[in-house]
Amino acid sequence: TTLFRSLTSEALCHMFNVKAVKVKAPDGKGKVDDFWEPCKKELLGDSRLLNHMIDYDKDNMDYEIISKVTPLYNDPAFDPDIINKASTAAMGICKWVRAMVIYDKVAKEVGPKKAKLAAAEKIVANGDKTKAELNGQIDSTKADYAKAHQAYEKEQAELDAARAAQEALEEAQRAKDGEKNQDEIVTLTRNLASLKIGRAHV
């Protein structure tokens, strides 16, 4: 649970440019970065966190942010199915962070390929070169674009899954406020308590 808490809080802090604090290393030698405390204070304690995640400017993510969260994305432990065993709330955050990383990667691949394809087809349409001369280039570009678009569709599926997880948490919170679906609320509360984030929105 401590590992999942550490991974999730670090990823969320990187996404919102929240800096870590230095704490004593577990082995007592020097200090290490701790993201949990600033994450609780500045992010998980913010009632607008869910809105910030939904409205996140994914089309203009800084390279520095992506470079920081990519190692976490590649960490086998930072997997929604694994993290869900410890906390549903942390799982929702994990899905969202992973979706943002995929979106950034796909957007950078699809955009240029789409523009290249359009330019090649325009040249053929204008008769600047014969169609035979550009067939190879167009076919190759279309293949690259199709591959990138497939990855984009996968990213959209992950975004939908992350959004569904967020909506489920919101619905569970509303049910709690209305004293409905008590079994679901008890389960959610236990998951949240395991990370000590109480009623934080994700």
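In this predicted model, Val-97 is in contact with Ala-11, Met-15, Val-69 and Phe-78, once neighbours within four places in sequence are set aside. Val-97 is also among the residues with the most contacts inside the largest nonpolar core, together with Leu-12, Met-15, Phe-78 and Trp-96. That core has 33 residues. Helices α1 (2-15), α2 (36-44), α3 (49-54), α4 (63-73) and α6 (88-126) each supply at least two of its residues. The greatest contribution to this core comes from α6, with 9 residues. In soluble globular proteins, nonpolar side chains tend to be buried together.

Thr-8 lies in helix α1 and counts as buried because its relative accessible area is 5%, under the limit of 20%. Apart from neighbours within four places in sequence, Thr-8 contacts Phe-78, Ile-83, Ala-90 and Ile-93.

Asp-104 belongs to helix α6. Its relative accessibility is 8%, so Asp-104 is likewise classed as buried. With residues up to four places away in sequence left out, Asp-104 touches Met-61 and Ile-66.

| Residue | Relative accessible area | Class |
|---|---|---|
| Thr-8 | 5% | buried |
| Cys-39 | 2% | buried |
| Cys-94 | 0% | buried |
| Asp-104 | 8% | buried |

How many disulfides does the structure hold? There are 0. A disulfide is a covalent bond between the sulfur atoms of two cysteines. For Cys-39, the closest cysteine sulfur is that of Cys-13, at 4.4 Å; because a disulfide requires sulfur atoms within 2.5 Å, this separation is too far for a bond.

At the level of the whole chain, the model contains 8 helices and 2 strands. Of the 202 residues in the chain, 37% are buried. Among contacts with a separation of 6 or more, 67% are between residues 24 or more positions apart. The chain exposes about 11900 Å², of which carbon and sulfur atoms supply 49%.

Notes
Residues numbered from 1 in each chain as written. Predicted model: local features only at pLDDT ≥ 70, side-chain atom pairs only at ≥ 80, totals over all residues. Heavy atoms only, no water. Core = buried A, V, L, I, M, F, W, Y, C linked by side-chain atoms within 4.5 Å. Buried < 20%, exposed > 50% of the residue type's maximum accessible area, 1.4 Å probe, protein only. Helix = DSSP H or I, 4+ residues; strand = E, 2+ residues; numbered from the N terminus. Contact = heavy atoms within 4.5 Å. Areas by Shrake-Rupley, 256 points an atom, 1.4 Å probe, with all protein chains shown as cover.
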